[in-house]
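I opened this entry to log a few look-ups. The sequence and the structure come first.

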Amino acid sequence: MAKQKDDTPKRVNILNRRASHEYAFIVKYDAGIMLQGTEIKSIRDGSVQIQDGFCSFHPDGSLWIHNLTIAKYTEGTYNNHEPTRPRKLLLNKRELKQLANKNQEQGLTIIPIRMFVNDRGFAKLEIALAKGKKLFDKRDDIKAKDQKREMDRAREF
């Protein structure tokens, strides 16, 4: 008797760890992504790099993500996708207006935080309106993290 293959889907959760160190998040949104061909297969394999990604508005009011690298699918043929092409993000009109209005302020940017596949099998991108941190902000975060770690250690004993 042959072993059955485990059919439980592998959870895809790709994080941008550097973003929380470099930016202070103001508002977070979950956005859909318009993908082509083999891109979803590469995402499910975890072949995505979002650290250099950023979002910008086009003149028609739509939001696009740039520098999001989805590696070529290894089993793909000549129909394989281009790894670093800009991709359109799918949000409600209300959310797009809110982001467009807040993005006009000085020092704010829209960055990707996390990419995941939801229960229905759609690739989603968690984006955040963020403000860049100064050096002293980063030091404060590191200090708070160290204090929390020491408090947890003290509780163990």
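**Ground rules.** I am working on a predicted model, where local features need pLDDT of at least 70, side-chain atom pairs count only at pLDDT 80 or more, and totals for chains, interfaces and linings use all residues. Residues are numbered from 1 along each chain as its sequence is written, and side-chain values use heavy atoms, with hydrogens and water left out.

**Strand β9.** I took helices and strands as DSSP runs numbered from the N terminus (helices H or I, at least four residues; strands E, at least two). I called a residue buried under 20% relative accessible area, exposed over 50% and partly exposed in between (1.4 Å probe, protein chains only). How many residues of β9 are buried? Seven of the 10 residues in β9 (123-132) are, and the strand is mostly covered.

I then looked for its partners. Two strands pair if DSSP finds at least two bridges between them. β2 (residues 23-33) runs antiparallel to β9 over nine bridges. Here Tyr29 has Ile127 as its bridge partner, and Phe25 stands opposite Ala130. β8 (residues 108-117) is also antiparallel to β9, joined by nine bridges. On that side, Thr109 is bridged to Ala130. Five residues separate β8 and β9 in a hairpin, and Gly121 in the turn has a positive phi of about 95°.

β2 has a further antiparallel pairing, with β7, over two bridges. Ile33 bridges Leu89 of β7 there.

**Core.** I defined a nonpolar core as a set of buried Ala, Val, Leu, Ile, Met, Phe, Trp, Tyr and Cys residues joined through side-chain atoms within 4.5 Å. Which members of the largest core touch the most others? They are Leu63, Leu89 and Ile127, in a core of 26 residues. β2, α2 (39-45), β5, α3 (93-103), β8 and β9 each supply at least two residues of this core.

I listed contacts as heavy atoms within 4.5 Å. Leaving out residues up to four places away in sequence, Leu89 touches, among others, Ala31, Ile33, Cys55, Leu63, Trp64 and Ile127.

**Rings.** I checked Arg114 next. A charge sits over a ring if NZ of Lys or CZ of Arg is within 6 Å of the ring centre and within 35 degrees of the ring normal. Arg114 lies over the face of Phe116, 4.2 Å from the ring centre.

**Ser62.** Is Ser62 buried or exposed? Ser62 is buried, at 8% relative accessible area. Ser62 sits in the loop between β4 (54-57) and β5 (63-66). Beyond four places in sequence, Ser62 is in contact with Ser56, Phe57 and Lys88. For polar contacts I used N or O pairs within 3.5 Å; within protein, one atom must be able to donate a hydrogen and the other to accept it, and residues adjacent in sequence count only if both atoms are side-chain atoms. The side chains of Ser62 and Asp60 make one at 2.7 Å.

**Asn80.** I found Asn80 in the loop between β6 (69-70) and β7 (87-90). Apart from residues up to four places away in sequence, Asn80 touches Thr38, Lys72 and Tyr73. A polar atom of the Asn80 side chain lies 2.9 Å from the backbone oxygen of Tyr73. The Asn80 side chain also makes a polar contact with the side chain of His81, at 3.4 Å.
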